[in-house]
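Reader: I would like to go through this model term by term. Please set each value against its cut-off.

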Amino acid sequence: MKKPIFITVPFWSPVPWYGFGAITLYPFILFRSGRNTEQRTRRHELIHFWQVSKDGWFRFYLTYLWAAMRLPYREIPAEIEAYAHEEDEEYLPASLEQYV
């Protein structure tokens, strides 16, 4: 599994998109300035990183975009999983939990 590459962008940057504190664009995880130290946000994005590494880049993003066009944000399956486990210290494999 690749290692995540963390990038912090200025708070005014349009990436990640306005309203979001972070986004995973495998293998990069982009954080809005000030959000990269929040454990919950880091774990949430690492869950997405893990989802991509399990499903493959093409399949994950195709499925995610398809769901995003049809469902509200919080009902996207990848988001349901990430929100359900973003505070669970036992959910991620140890190889990723070390980055939280």
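Author: What follows takes the labels one at a time.
This is a predicted model, where local features need pLDDT of at least 70, side-chain atom pairs count only at pLDDT 80 or more, and totals for chains, interfaces and linings use all residues. Residues are numbered from 1 along each chain as its sequence is written, and side-chain values use heavy atoms, with hydrogens and water left out.

Reader: What does the secondary structure of the protein come to?

Author: There are 4 helices and 3 strands. Both are DSSP runs numbered from the N terminus: helices are H or I with at least four residues, strands are E with at least two. Along the sequence the pattern reads β-β-β-α-α-α-α.

Reader: Why is the protein called as compact as a globular protein of that length?

Author: Its radius of gyration is 13 Å, and the globule rule gives 13 Å for 100 residues, so the label holds. The radius is taken over C-alpha atoms, and the rule is 2.2 Å times the number of residues to the power 0.38. The C-alpha atoms fill a box of roughly 35 × 30 × 25 Å along the principal axes.

Reader: What makes Arg40 and Glu86 a salt bridge?

Author: The term needs a side-chain nitrogen of Lys or Arg within 4 Å of a carboxyl oxygen of Asp or Glu. The closest N and O atoms of Arg40 and Glu86 are 3.4 Å apart, so the pair qualifies. Arg40 lies in helix H1 (residues 39-55) and Glu86 in the loop between helix H3 (77-85) and helix H4 (94-97), so the pair ties together parts 46 residues apart in sequence.

Reader: Why does Arg40 count as partly exposed, and why does Glu86 count as buried?

Author: Buried means under 20% relative accessible area, exposed means over 50%, and partly exposed is in between (1.4 Å probe, protein chains only). Arg40 has 43%, so it is partly exposed. Glu86 has 9%, so it is buried.

Reader: How many salt bridges does the structure hold?

Author: It holds 2. Arg43 and Glu97 also meet in a salt bridge, at 2.6 Å from N to O. This pair links distant parts of the chain, with Arg43 in helix H1 and Glu97 in helix H4, 54 residues apart. Arg43 is buried because its relative accessible area is 4%. Glu97 has 19%, so buried applies there too.

Reader: Why does Phe11 count as exposed?

Author: Its relative accessibility is 62%, so it counts as exposed. Phe11 lies in the loop between strand S1 (5-9) and strand S2 (22-25). Leaving aside neighbours within four places in sequence, Phe11 is in contact (heavy atoms within 4.5 Å) with Arg32 and Ser33.

Reader: What joins Tyr26 and Pro27?

Author: A cis peptide bond, with omega about 5°. Most peptide bonds are trans. Pro27 sits in the loop between S2 and strand S3 (28-32).

Reader: What percentage of the 100 residues count as buried?

Author: The share is 39%. Among contacts between residues at least 6 apart in sequence, 50% join residues at least 24 apart.
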